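Have the sequence and the 3D view at hand, and try each task before you read its solution.

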Amino acid sequence: MSETTVDAALPQPFGEEFRADPYAVYARLRAEGSVHRVELPDGSPVWLVTHEADVRAGLSDPRLSVDKRHSTTGFSGFSLPPALDRNLLNLDGADHLRLRRLVSQAFTPRHVEMLRGGIRSAVDGLVERLAERIRSTGRGDVVAEFAKPLPLHVIGELLRVPAADRHRFSGWVAGMLTPRSREELAAAIDQVREFLTGLVADRRAHPGDDLLSGLITARDAEDRLSEDELVSLAFLILMAGSENVQHLISNGLLTLLSHPGEPAAVLRARPELLPEAVEELMRHAHPNQTAIRRFTVEPVEIGGTEIPAGDTVLLCLGSAHRDPARYPEPDRFDLHRTDKAHLALGQGLHYCLGAPLARLQTTLALEALLRRFPRLKVADPVERLPWNTTFRFHALRELPVTEEPLG
Ligand code: HEM
């Protein structure tokens, strides 16, 4: 008998009420306790951890493994083929360390700082395109015209993905993350795998001085990673490097434009506060609702609940960031909040590889948008904006904006 049948009566917190207001659902769950046995929309039973202290501790707990081989409930997630699955977020221990060492150099603060000029000119070009759209039609969509193309360009340049292919890649990833059917999911996975194996074959034939060529040399000349690991690493970096930054920029801009206290106006007057504002946005407007799923390698007690070995644990970042036990008045975006220690980029061995790149892009993007559009406002009622909200993320699908006429 499958786990799913045994747990048929489990609560399913990720339904209609959650899509309407995930933070209200988290508040209710937190009040009932930290750890909840719940069912995901695909029927998988998981333990959802909601208290900030337990989420923080869980991220660095070696008894919580990201390696699916520890699952005894047959957790399959996206059911990715090995060519996409052998990546950092599915590996622990020596394999994780070996692969992380191969790519960490490219993402150190010093290396990322060298990208500043290129990112700034990409930002400026996109801001002008958005301005032109607003000028000609009266409104523009920050997601489609700015927040999506920017990180795709930046990470695409690092891996030297042809410009024409970046948009197609992003479409397939969207099909993977929010598929309308199992068939669409399977087709998107196939397209992503085919595209990446083609990209690797092409780069083998025409190497350069980009990150992907470096990984191919590490495989072919030094035998430091397998072919599946090579393709999977390229996949993870492209996906993580584009999706999350896109969502933080658009969710973050919405907060700046709509939150009480006019934070956008404050930041226009004092742009030197932007790096701090980005840290507070990472807590308040963070798109990733849960960390990557983890599996208990032995029975583990969390928040007074004993979780058996082999079960799936979801550490809920979205709930942790709104936990009043850690952050006073957690729903308030507070530029001057002293506790900036959020979990938006994870913690411990799987701490976000692209953290310096995420911070730099988000800061430059928000700074340029606020500077170029002194009277920017959301064009539709905020409560009617379209979101993609799942247990994985809470992200704006569109952010229509306009420029208020001079008063
Ligand atoms: C605002 C943007 C970003 C956010 C919010 C974000 C968030 C995260 C989080 C929460 C994790 C840890 C997952 C876990 O432990 O379960 C992570 C890991 C990771 N991120 Fe990011 N990320 C962002 C940008 C980027 C960028 C630009 C890259 C580009 C390289 C990137 C690449 C990665 C990789 C490769 C990992 C896995 C690291 C490992 O397992 O060792 N991320 N990210």
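Two exercises follow, each with a worked solution.

This is a predicted model, in which local features need pLDDT of at least 70, side-chain atom pairs count only at pLDDT 80 or more, and totals for chains, interfaces and linings use all residues. Residues are numbered from 1 along each chain as its sequence is written.

**Exercise 1.** Work out how helix H10 and helix H14 pack, and which residues meet.

Step 1. Find H10 at residues 149-159 and H14 at residues 227-258; helices here are DSSP runs of H or I with at least four residues, strands are E runs of at least two, and both are numbered from the N terminus.

Step 2. Take the angle, which is about 155°, with the axes 8 Å apart. Axes are lines fitted to C-alpha atoms, for helices over the stretch in contact, and angles run from 0 to 180 degrees between N-to-C directions. H10 is therefore roughly antiparallel to H14 (angles over 145 degrees count as such).

Step 3. List the contacts (C-beta atoms, placed from the backbone, within 7 Å). From H10, Pro151, Leu152, Ile155 and Leu159 meet residues of H14, including Ala234, Ile237 and Gly241.

**Exercise 2.** Identify which residues come nearest to the ligand, and which helix gives the most to its shell.

Step 1. Around the ligand are 24 residues, and those nearest are Gly241, Ala291, Gly346, Cys352 and Gly354. Near means a C-beta atom, placed from the backbone, within 6 Å.

Step 2. H14 and helix H18 (355-372) are the elements that give two or more residues to this shell. H14 gives the most, with 7 residues.

Terms used. Parallel < 35°, antiparallel > 145°, perpendicular 65-115°, else oblique. Contact = placed C-beta atoms within 7 Å.
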